[in-house]
Amino acid sequence: MAASPIALIETVARLPAAAPIRTLTDRQIAEFSGVFRGRELTRKDRRLSSGIAALDAILDGGIVRGRVSEIVGRPGFGRTSLAASFVAIATRRGEVAAWIDSAGGFDPRSIAAAGADLSRILWVGADAAVHARDSVESPSAEFAPARAIASPRASVKPVLLAAEMILGAGGFGLVVIDLAFDIGGHARTLTLSAALRLARAAERSGAGVIVLSERRMCGTFAALSLVLGRIRPFFSRMAPGAPALFDGMRVEAYVARNKLGGSGQAAVWRALVDSTASASTSPASAPTPAFSATPISASVS
Amino acid sequence: MSPRIACILVADFPLAAALRQRPELRDRPLVLIESAAGRRDPAGLANLECRLVSAHARAMGVRTGMTVARARAAAAGLAVMNRSPAAEASAAEALVDVALSFSPLVEAGADGEVYLDLGGLERLHRRLRANPHRGGASTAGTDDSSLPTEMQDIETIETGLAQEALERVARLGMEAAVGIASSKEVALLAARCGGARAIAAGREEEFLNWLPLDLLRLDGGGGGRDGAELEQTLARWGIRRLGELARLDIRAVGSRLGARAVELMRIARGECRTPLIARRAAENFAEAVELEWGVDSLEAMGFVMRPMIERAVERLELRGMAAGEIALALELDGRRRDLRRVALPAPTNEARTLLALILLNLEAAPPAAAVAAIRITVAPRAPRAAQTDMFAPPCPTPERLHVTLARLAALCGPDRVGTLMPRNSHLPDVVELGPFAPRPAVAPAGRGANGTTALADRDTAKSPVAGGATVAQVAVRAVRPPHQIEVLRTRGGALEFVRGADFGGRVVSCAGPWRIAAAQSHVDDNDSGHRKTPGTARDYYDVALEDGGVYRLLCDQRSGEWYVDGIYD
């Protein structure tokens, strides 16, 4: 029985470059390699990498496009940093991303510092339940544009509607839905029926959808549930007696659910304030400071 | 080559304009009155005269000049509306828009008449060949095989164009007739015959021959009293059709009946060729409505404005434009006016979105009194078109993106959608919102012949910060507005404890302070130009609490108050 073309191509592809090929002519190899490459590209293009090697390794290349992936964790556990990494990769590829902000937590400086092209990010302040400008007493009132105040009446409905509009428009490579609440805010709950609508919209558009939340909300409609664990911040001093500096933190992620396999795996990486300075340094699980300084982790300043 | 002129005619134009605003009255007998008080004076209404009577009401015995009370007695279910110059102006502009959708040379004639020059446009409208399944179309000649092939082709196109014009006028809420001929006069007569009618070049005489004299509208078509006398005279002479009038001796008729009769004879002979005087295309699309009763609720205004916006959008689509900005003029009770502009994030023709934006604007600043008249003026913009790159990552198409932005703005507010950028400032939380207009993605120059290399390279592109290693950039999650807290210090001045509503804990590690001072400055403001910002001085701290989170705290030096304005997340 003859092997299927795909199996044959994969067999050829696995051969070492110098291995003698007796059954195929050079022309056939070239043709097959082209087909193989196209298939491989298609498969790769369905994934969106985070750019973090440890995480991509356990996710088999990244999050799946056309599905909902949720990143779950408490405030300060690295959700925004991870989402920013995905956005940075997507926008640097030339794709357009959307960030649906339900709590006004989007900080363009740090998202840009993560490598994202801000001009390719559509920001939607979907906290439309209440619109209000900052109060005069607020220290940033005179500088900031219109901002929203989280309200007890805030619901997830505008967030879901905005997500459906964006996914329905097509052409977006990644949509980040930030449902996390901040200090003084109120939790937004995504019902399962809403999650189903979101999953269907994601599937139709083919865009990657990331939901940032405090807890798992999408249930079975999430292809991936990534739970971020307790962080460990790094503080350091340039020299004894010098002012302390916040260097970054260690982030732990656990795959609570992955429909495509790999549930239960974990990854660890560091999120640094100045990652460019230490990008070339070897990764280490220990809280090594970004530069040669004395770590003062877990010490009272 | 003889000129080709089309006439789009809406009969009983004031009635048609009224029915355009109240299409639900189309099947009911309708009369128009002229009264400054309108229907607001029920006692006086019964004694007002019916100025214009619809065909339906006429069939039921209602006549012009009857009082409303008599008309109501004659026709059950009679609808009475006040004549609205604003509605007629909007309808006239809509007719011009239909004409401009075919030809750039358009002249607005009397009420309900629009002329357009079709000379040389056959190729442009070739796709509009006459469809035999469409109703209402006819040509002057009965034996088309006698015409050369090219002329037959032109005639087919013109008939198709007339049919299309009828349909476009119907989309704008009116019923029209279209005539196409070599002169304005003959085109008008062809239109008065009803339906869509194209008179082939050289066949005007044949067409005019059988036309009844009534179509010249001697009594009501501007002839006035003289016209009525002229009509009676011609009737006494036994002249019933234009062909009979045309065969009279023009000098003899002129000496007996005057210049008006000579002019009519020239029309009957097809010799009168008044030039078409084109007007400039309208730059704004306005729809106006005068309300019989003042409206003071937002919901009711939504009901009134929805059809107005839909009509404006239809007009825009006919011209291949999209709504760019909306000017809303409200006439309020007490002779006050409320003018406002509604900015759109992107050109769109989605009526629901436009209505939502207008209602959002009204909700934010409600009118000071009940609204008596509404005028919506839409500034047109050309929809942006762009060619996407086959080898570049997919991007939203400009049209879909614009519509989506407008819908998002309607949902969340215009100041909640766009590109959020840091403003040029030392303060970390100062941001500004700009329009979202991503550049089209460009495929890298190094792509292979099959274009797949570029995708492969990009797909495996490494983040500049991550570099494929286990290092990422930490992001800040802003707390907006900054959350006020209380900070307890040790005797040495170090931060020891932080507490506030829904927040607090022992300080584990602390970095800082870093003082950022901003002097009084002038800042560009989109709304009001330059504005003055007060100076400020803040001390920033990065604080790790016992819950594991790292927070960015600030102490306002002016007030001494503490805030948390970000979380390292």
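Which residues of H1(B) are buried? I opened my notebook with that one, keeping in mind that this is a predicted model.

**Entry 1: helix H1 of chain B**

I looked up helix H1, residues 13–21 of chain B, and found it mostly covered, with 9 of its 9 residues buried. My list of the buried residues reads Phe13(B), Pro14(B), Leu15(B), Ala16(B), Ala17(B), Ala18(B), Leu19(B), Arg20(B) and Gln21(B). Next I checked what covers them: the cover includes strands S2 (30–33), S3 (52–53), S4 (79–82) and S10 (285–295) of chain B, along with helices H5 (85–100) and H13 (298–318) of chain B.

**Entry 2: helices H11 and H12 of chain B**

I then turned to H11 (residues 250–257) and H12 (residues 259–269) of chain B, which pack at an angle of about 145 degrees with their axes 7 Å apart. From H11(B), I noted Ile250(B), Val253(B), Gly254(B) and Leu257(B) in the contact. H12(B) brings Ala259(B), Ala261(B), Val262(B), Met265(B), Arg266(B) and Arg269(B). Sorted by type, the residues of this contact come to 7 nonpolar, 1 polar and 2 charged.

**Entry 3: Val262(B)**

I picked one residue of H12(B) to follow up, Val262(B). Is Val262(B) buried or exposed? I put Val262(B) down as buried, because its relative accessible area of 17% falls under the 20% cut-off. Leaving out residues up to four places away in sequence, I found that Val262(B) touches Ile250(B) and Gly254(B). For Ile250(B), I also looked up the C-alpha separation from Val262(B): 6.4 Å, with the two residues 12 apart along the chain.

How values were computed: Residues numbered from 1 in each chain as written. Chains lettered and ligands numbered in written order. Predicted model: local features only at pLDDT ≥ 70, side-chain atom pairs only at ≥ 80, totals over all residues. Heavy atoms only, no water. Axes fitted to C-alpha atoms, helices over the stretch in contact; angles between N-to-C directions. Helix = DSSP H or I, 4+ residues; strand = E, 2+ residues; numbered from the N terminus. Contact = heavy atoms within 4.5 Å. Nonpolar A, V, L, I, M, F, W, Y, C, P; charged D, E, K, R; others polar. Buried < 20%, exposed > 50% of the residue type's maximum accessible area, 1.4 Å probe, protein only.
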